[in-house]
Amino acid sequence: SDTKTDTFENCLKEKDIITKVNNISIDDKTSLTSALSQFKVGDTVALAVVRGDKTITVKATLETTPSS
């Protein structure tokens, strides 16, 4: 179902645009990185995502960033 929680990376597709993390708008004042920095690894967040011509909400669990 659409309500299952996935990892951050798995719930997003290539052209998705994240517009909100929980109720924090991603805009000129707030970057995705600074919005995400307010949460910790293991937290589940709701992402408002523009995918194609519609906005959807996906739930994602934050993970540590893999070191490259």
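Reply: What follows looks at the sheet, then at the core, and then at the confidence of the model.

This is a predicted model, in which local features need pLDDT of at least 70 and side-chain atom pairs count only at pLDDT 80 or more, while totals for chains, interfaces and linings use all residues. Residues are numbered from 1 along each chain as its sequence is written, and side-chain values use heavy atoms, with hydrogens and water left out.

Helices (H or I, at least four residues) and strands (E, at least two) are DSSP runs, numbered from the N terminus, and two strands pair if DSSP finds at least two bridges between them. Here five strands form an open sheet of mixed pairing, in the order 1-5-4-2-3. At its edges lie strand 1 (6-7) and strand 3 (24-25), each of which pairs on one side only. Strand 2 (residues 17-21) runs antiparallel to strand 4 (residues 44-51), and four bridges join them; Ile-18 has Val-49 of strand 4 as its bridge partner.

A nonpolar core is a set of buried (under 20% relative accessible area, 1.4 Å probe, protein chains only) Ala, Val, Leu, Ile, Met, Phe, Trp, Tyr and Cys residues joined through side-chain atoms within 4.5 Å. The largest one has twelve residues, including Ile-18, Val-45 and Val-49.

As for confidence, pLDDT is the predictor's confidence in each residue, from 0 to 100, and its mean over the protein chain is 88.

Notes
Buried means under 20% relative accessible area, exposed over 50%, partly exposed in between (1.4 Å probe, protein chains only).
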